[in-house]
Amino acid sequence: MKFAFIIDPIEKLNPGHDSSVAIMEAAQALGHEVWITETHQLTVIQGKAWASLIPVRLTPVKREGARWIAAELWFSLDKPQLLALEDMDAVFMRTDPPVTVPYLYATYILDYIDSRKTLVINSPRGLRAANEKMYALQFTEAIPETIVSQSKQVIREFVEKKEAAVLKPLGGKAGEGILFLEPGDRNFNSLIEISTKLGREPVMVQTFLPAAKDGDKRIILLDGEPIGAVNRIPTGKEFRGNMAVGGRVAQAEITDREREICVQLAPKLKEDGLYFVGIDVIGGYLTEVNVTSPTGIREVDLLDNVNLGKQVIEWIENRAKSNMISN
C-alpha cells in the first residue's frame, strides 16, 4: 500500500517523540511505501487533489532503557513527484496546530480526494468541524462545567461562583496560553483583556479540577476505540501537565469512567471521520478532543511495550480489505 503523510518539515520533527514518525515507521516495517509532503505542496488540478510527494526511508528509533534513541541521519529522501493523492491508499493530515487560514485551505484541497479510493485521516470535513476545545462541549455528561465567552463580566461571575477556573485560548496548543484564574487575583481583568484580545475573541473557561495535580491523561482512540493511554503530570510549580511545558509522563490504565466517555464520543467521531484522536481526561472529566495531530504514541509504546503505530496501519489494511470485499 501507499501512504502519504502531510507533515511539518521532517527535519524539525523529533523522531523519539513524534507520533507521525511512529506511524510512518510502522507502515515501512509492514512493507508499505511512505511518502511525505507539506501543506504548501498541495494543489488541485482538473478537479482532483495533487501533491508534490517525496518518498522517504526511515531508520527506526531504538529503545535504550527508558527512552527512544534516533540515528543522527534518521531519514533519507528521494526525488519529489507530482502525484494525485487518490493514487495513495491513505493520506494522513498530520500538520501541528494552530489551525490557521492556510491550514483550512489545505483541508479544502483534501476535499478533492475521492474518498472511495483513498482514506483521509482525519477527514477534512471533520477537521474543520472539530475545534479541539469547542468540540468537547457537545458531550455534556463528560465535561466539567464550562463556558465560552469574551465577556469579562460573564467570565468573572463564573470564576467567582467556582472559586477557581482554568482559561484556555480556543486556538491554543501544547498548553500554550492556559491560565489558572482566581477571583481575588489583582491581575484578573488584565488577564482576561489579554486572553480575549480586549473582548474581540472568545475563550474557554472551565471549572478547575484539583485532580489535575495527579495528571492530565491522554487517551488515544482509533476508530472510536481506546487503544492506549499515558498520564502527564505537572512538575515543579507548573500547574499544566502538557509534555511541551515539562510535564513528566507515567504509565496509565484506562478506567471504567474513561471507557464510558469513549463510548459517548465514538458515534460522533465516526460520523465526522475523526479516526485517530487523542482525548484529554482529568479526574474523570473530558477536557479536550485533539484531532489535528494528536501525540502520545511514542510514550505509550515505551511505557506499555506496545506498538500503536502498527495497530493504526493494520486497521487501515483491514479496512481496505473489507472495502474490496464489499465492492
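This is a predicted model: local features need pLDDT of at least 70, side-chain atom pairs count only at pLDDT 80 or more; totals for chains, interfaces and linings use all residues.
Reader: What does its side chain meet in a salt bridge?
Author: Lysine 161. The distance is 3.8 Å, N to O.

Reader: How many salt bridges does the structure hold?
Author: 21. One of them joins glutamate 314 and lysine 310 at 4.0 Å, N to O.

Reader: How far apart are glutamate 314 and lysine 310 along helix 8?
Author: Four residues, so about one helical turn separates them. In general, an α-helix has 3.6 residues a turn, so residues three or four places apart point the same way.

Reader: Which residues form a network of salt bridges?
Author: Arg125, Lys268, Glu271 and Asp272 are linked that way.

Reader: New topic. How many residues are in the largest nonpolar core?
Author: 41. Leu85, Ile279, Leu286 and Val289 have the most contacts inside it. Elements that each supply at least two residues include helix 2 (101-110), helix 6 (256-271) and strand 19 (285-290).

Reader: What does valine 289 touch?
Author: Leaving out residues up to four places away in sequence, it touches Glu132, Tyr135, Ala136, Leu265, Leu269, Val277, Gly278 and Ile279.

Reader: What other core lies apart from the largest one?
Author: One of 32 residues. Among them are Ala22, Val230, Val312 and Trp315.

Reader: Back to helix 2. Which of its residues are buried?
Author: Tyr103, Ala106, Thr107, Ile109 and Leu110.

Reader: Why are they on the same side of helix 2?
Author: Because they cover an arc of only 155° around the axis.

Reader: What covers them?
Author: The cover includes strand 1, strand 3 (42-45), strand 4, strand 9, strand 10 (119-121) and helix 3 (124-129).

Reader: And tyrosine 108, how exposed is that?
Author: Tyrosine 108, also in helix 2, is partly exposed, with a relative accessible area of 41%.

Reader: Which residues make a nonpolar surface patch?
Author: Val101, Tyr105 and Tyr108 make one of about 330 Å².

Technical notes: Residues are numbered from 1 along each chain as its sequence is written. Side-chain values use heavy atoms; hydrogens and water are left out. A nonpolar core is a set of buried Ala, Val, Leu, Ile, Met, Phe, Trp, Tyr and Cys residues joined through side-chain atoms within 4.5 Å. Buried means under 20% relative accessible area, exposed over 50%, partly exposed in between (1.4 Å probe, protein chains only). Contact means heavy atoms within 4.5 Å. The arc is that of the directions from the helix axis to the C-beta atoms. Patches are made of residues with over 30% relative accessible area and no salt bridge: like charges are joined within 9 Å, nonpolar side chains (Val, Leu, Ile, Met, Phe, Trp, Tyr) within 5 Å. Accessible areas come from the Shrake-Rupley method with a 1.4 Å probe; for residues, only the protein chains shown count as cover.
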